[in-house]
Amino acid sequence: MPFKLPDLPYEYDALKAYIDARTMKIHHTKHHAGYTNNLNNAIAGTDLEGKTIEQVLKKADESNAALRNNAGGYYNHNLFWKVMSPDGGGEPGGGLKKAIDEAFGSFEGFKEAFSKAAATRFGSGWAWLVVSGTGKVRVCSTANQDNPLMPKAGCTGTPILGIDVWEHAYYLKYQNRRADYIEAFFNLINWKEVMKRYNAAKK
Ligand code: MN3
């Protein structure tokens, strides 16, 4: 079964206070759809056909740029849509709150570290909150469509929150003001979803 472009869990204009509908629609129907099609082309006829996206990412080394870029693009955007919500914002609770306090001192400390990782990623890429098998969290960033589940991404762990800092994610509303987009993103974070991913990843 080829990979399928998922529907967004909300309408294109649902996040418009922070991300405009046109950006959301182009991002989903052009960029994410493109990664999906190109991923299916890259695995067609190979032994990766029928594997889960996580299994594909683990095999997506630097020897195969088409596979690495498109498998990453597919997975990263699947996560991105889900960790945002029109009812987002606020702070996490439970075990994730504890892990964040332990790693960063406070939610504010986390916000600062995550924002800095996103702001200082040169060119295109992503900033992440990742969790290790023992439940410790940390912040990091990756280039292009690289992902912490891939070999040699410069960052390892299970990603539970990610922000897309490619210009296509924010340019229409924010132009060059990436910092304003990052600040706005905190009003969209679906902590319920991120906490679910944290609990599933730590084991
Ligand atoms: Mn994108």
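**Salt bridges**

I searched the whole structure and found six salt bridges (a salt bridge being a side-chain nitrogen of Lys or Arg within 4 Å of a carboxyl oxygen of Asp or Glu). Before going on, I noted that this is a predicted model, where local features need pLDDT of at least 70, side-chain atom pairs count only at pLDDT 80 or more, and totals for chains, interfaces and linings use all residues. I also noted that residues are numbered from 1 along each chain as its sequence is written, and that side-chain values use heavy atoms, with hydrogens and water left out.

I looked at K97 and D101 to start with. They form a salt bridge, and the closest N and O atoms are 3.1 Å apart. Both sit in helix α4, four residues apart, so about one helical turn separates them. K97 has 39% relative accessibility, so I put it down as partly exposed. D101, at 28%, also counts as partly exposed. My cut-offs here: buried is under 20% relative accessible area, exposed is over 50%, and partly exposed is in between, with a 1.4 Å probe and protein chains only.

Next I checked R177 and D180. Their side chains meet in a salt bridge at 3.1 Å, N to O. D180 is partly exposed at 36% relative accessibility, and R177 is partly exposed at 35%.

Then I went to E193 and R197, whose side chains meet at 2.7 Å, N to O. These two are four residues apart in helix α8, which means about one helical turn lies between them. Buried or exposed, I asked of E193? At 11% relative accessibility, E193 counts as buried. R197, at 21%, counts as partly exposed. I also found that salt bridges with shared partners join E193, K196 and R197 into one network.

**Helix α8**

I checked the length of α8, residues 191–202. Its 12 residues should span 16 Å at 1.5 Å a residue, and the end C-alpha atoms are 16 Å apart, which agrees. The expected span is 1.5 Å times one less than the number of residues.

Which residues of α8 are buried? I listed W191, E193, V194, Y198 and A201. The arc is taken from the directions from the helix axis to the C-beta atoms. On the other side of α8, K192 and K196 are exposed.

What covers the buried residues of α8? The cover includes α3 (65–82), α4 (94–104), α5 (107–120), β1, β2 and β3; contact here means heavy atoms within 4.5 Å.

**Helix α7**

I did the same for α7, residues 178–185. Its buried residues are R178, Y181, I182, A184 and F185. They cover an arc of only 160° around the axis, which puts them on the same side of α7. What covers them includes α3, α5, β3 and α6 (171–174).

**The sheet**

Two strands pair if DSSP finds at least two bridges between them.

I followed β1 (residues 125–131) into β3: six bridges join them, and the two run antiparallel. The bridge partner of W126 in β3 is D164. L129 stands opposite L161 in β3. I also noted that six of the seven residues of β3 are buried, so β3 is largely enclosed by the rest of the structure.

I found N38 in helix α1, residues 21–43. With 37% relative accessibility, N38 counts as partly exposed. N38 and G73 are 35 residues apart in sequence and 9.7 Å apart in space, C-alpha to C-alpha.
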